[in-house]
Amino acid sequence: MEGWRQKKRPECLEKRFEFQSYEKNRDFLDALGEYCEKVNRFPDISFGKTYANITIRPEENNVKEAISKDDHDFASEIDFLNKQEEN
């Protein structure tokens with residue numbers, strides 16, 4: 001989970017992904033969209049031409065509204081998607 005920042009207020013994980021081109025960014029966002037549909041979990045995403053900011057909030061079923069292992073695992077899967085798109 002390199003590069004992810006955990007914030008306390010509001011509780012979330014955040015990371016900025018940088019890309020060399022719009023096409024690389026688009027490939028990553030398309031892969032992320034497919035993955036999110038598959039697992040039925042959707043982070044907040046903002047993006048520009050060569051970057052994407054991803055924010056993961058605690059899952060709705062998480063009564064404590066705190067970042068959990070599942071949230072960290074989700075972040076790790078997003079990192080894995082990014083690595084796949086780099087190759």
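A nonpolar core, as the term is used here, is a set of buried Ala, Val, Leu, Ile, Met, Phe, Trp, Tyr and Cys residues joined through side-chain atoms within 4.5 Å; buried means under 20% relative accessible area, exposed over 50%, and partly exposed in between, with a 1.4 Å probe and protein chains only. The model before you is predicted: local features need pLDDT of at least 70, side-chain atom pairs count only at pLDDT 80 or more, and totals for chains, interfaces and linings use all residues. Residues are numbered from 1 along each chain as its sequence is written, and side-chain values use heavy atoms, with hydrogens and water left out.

I begin with that core. The largest one has 18 residues, and Trp4, Phe17, Phe28, Leu32, Ile54, Ile56 and Ile78 have the most contacts inside it. At least two residues come from each of E2, H1, E4 and H2, with H1 giving the largest share, six residues. Helices (H or I, at least four residues) and strands (E, at least two) are DSSP runs, numbered from the N terminus. Setting aside residues up to four places away in sequence, Phe17 touches, among others, Trp4, Phe28, Ile54 and Ile78, where contact means heavy atoms within 4.5 Å.

Next, the sheet. Four strands form an open sheet in the order E1-E2-E4-E3, with antiparallel pairing; two strands pair if DSSP finds at least two bridges between them. Strands E1 (5-8) and E3 (44-47) are the edges, each pairing on one side only. E1 is joined to E2 (residues 11-18) by four bridges. The hairpin between E1 and E2 passes through two residues.

Finally, the charged pairs. How many salt bridges does the structure hold? There are eight, each a side-chain nitrogen of Lys or Arg within 4 Å of a carboxyl oxygen of Asp or Glu. Arg57 forms one with Asp44, the closest N and O atoms being 2.8 Å apart. Arg57 lies in the loop between E4 and H2 and Asp44 in strand E3, so this pair ties together parts 13 residues apart in sequence. In the salt bridge between Lys7 and Glu14, the N to O distance is 3.8 Å. Lys7, at 30% relative accessibility, counts as partly exposed, whereas Glu14, at 16%, counts as buried. Lys69 pairs with Asp73 at 2.9 Å between the closest N and O atoms; these two are four residues apart in helix H2, and therefore separated by about one helical turn. Salt bridges that share partners join Arg5, Lys7 and Glu14 into one network.
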